[in-house]
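Subject: Structure handover

Hello,

Here is the structure I promised to pass on.

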Amino acid sequence: MNTNYSGIKTARILKKMSQSELAIAMNVDVFTINEWEKGIGVLSLNNLLNLAQILEVSTNLLLFNENRNPLNLDKLNEKQRNEVINLYNLIQSINK
């Protein structure tokens, strides 16, 4: 996979963390952090959420190097909400 998650590096630098410090916090090796920052490695949903929590930023910043408004499900009817939830669950199962 070749997606450049340049926001990971941006967020890490803003948090004043080295790749080694982030690797320890994420319980992965430095090589993995380096791969994520270059877009070489695969970033699972769980790792994305952990990165966002550790670096105290949104997942949009990590993935797209920008802040976007979160998805608002309040304006959807129940059927539409369920479809979004089912898609989310499908994506999670693929990432396992």
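One term first: contact means heavy atoms within 4.5 Å. With that in hand, the buried residues of α2 pack against α1, α3 and α4. Please keep in mind that this is a predicted model.

**Overall layout**

The protein has six helices and zero strands. Along the sequence the pattern reads α-α-α-α-α-α. There are 96 residues, and 26% of them are buried. Among contacts with a separation of 6 or more, 54% join residues 24 or more positions apart. The accessible surface is about 6,800 Å². Carbon and sulfur atoms account for 52% of that surface.

**The core**

In soluble globular proteins, nonpolar side chains tend to be buried together. Here the largest nonpolar core holds 16 residues. Which of them touch the most other members? They are Leu-22, Trp-36, Leu-51, Leu-55 and Leu-62. At least two core residues come from each of α1 (6-14), α2 (19-26), α3 (30-38), α4 (45-55) and α5 (59-64). Helix α4 gives the largest share, with five residues.

Leu-22 is then in contact with Arg-12, Met-17, Ile-33, Leu-51, Ile-54 and Leu-55.

**Three helices, one by one**

Take α2. Its buried residues are Leu-22, Ala-23 and Met-26. Viewed down the helix axis, they fall within an arc of 105 degrees, so they line one face of α2. After α2 comes Asn-27, with a positive phi near 60 degrees.

Next is α3. Thr-32, Ile-33, Trp-36 and Glu-37 are buried in this helix. Why do they count as being on the same side of α3? Because they cover an arc of only 135 degrees around the axis. The buried residues of α3 pack against α1, α2 and α4. Gly-39 follows α3, and its phi is positive, near 80 degrees.

Then α4. Buried here are Leu-45, Asn-47, Leu-48, Leu-51, Ala-52 and Leu-55. Their arc around the axis is only 165 degrees, which puts them on the same side of α4. Asn-46 and Gln-53 are exposed on the other side. Glu-56 follows α4 and has a positive phi, near 55 degrees.

**Salt bridges**

How many salt bridges does a search of the whole structure find? It finds two.

One joins the side chains of Arg-12 and Glu-37, at 2.5 Å from N to O. Arg-12 is in helix α1 and Glu-37 is in helix α3. The pair is 25 residues apart and links distant parts of the chain. Are these two residues buried or exposed? Arg-12 has 8% relative accessibility, so it counts as buried. Glu-37 is also buried, with a relative accessible area of 8%. The cut-off for buried is under 20%.

The side chains of Glu-56 and Lys-15 meet in a salt bridge too, again at 2.5 Å, N to O. Glu-56 lies in the loop between α4 and α5, and Lys-15 in the loop between α1 and α2, so the pair ties together parts that are 41 residues apart in sequence. Glu-56 is exposed, with a relative accessible area of 62%. Lys-15 is partly exposed, at 31%.

Phe-64 is found in helix α5. Its relative accessibility is 41%, so Phe-64 counts as partly exposed. Phe-64 and Ser-6 are 58 residues apart in sequence. In space, they are 7.3 Å apart, C-alpha to C-alpha.

Leu-87 sits in helix α6 (residues 78-94). Its relative accessible area is 53%, so Leu-87 is exposed. Leu-87, Leu-90 and Ile-94 form a nonpolar patch on the surface. Together these three residues have about 320 Å² of accessible area.

**Where to look**

Three spots are worth a view on screen. Another is the Arg-12 and Glu-37 salt bridge.

Best wishes

Technical notes. Residues are numbered from 1 along each chain as its sequence is written. This is a predicted model: local features need pLDDT of at least 70, side-chain atom pairs count only at pLDDT 80 or more; totals for chains, interfaces and linings use all residues. Side-chain values use heavy atoms; hydrogens and water are left out. Helices (H or I, at least four residues) and strands (E, at least two) are DSSP runs, numbered from the N terminus. Buried means under 20% relative accessible area, exposed over 50%, partly exposed in between (1.4 Å probe, protein chains only). Accessible areas come from the Shrake-Rupley method with a 1.4 Å probe; for residues, only the protein chains shown count as cover. Patches are made of residues with over 30% relative accessible area and no salt bridge: like charges are joined within 9 Å, nonpolar side chains (Val, Leu, Ile, Met, Phe, Trp, Tyr) within 5 Å. A salt bridge is a side-chain nitrogen of Lys or Arg within 4 Å of a carboxyl oxygen of Asp or Glu. A nonpolar core is a set of buried Ala, Val, Leu, Ile, Met, Phe, Trp, Tyr and Cys residues joined through side-chain atoms within 4.5 Å. The arc is that of the directions from the helix axis to the C-beta atoms. Lists of a residue's contacts leave out its neighbours within four places in sequence.
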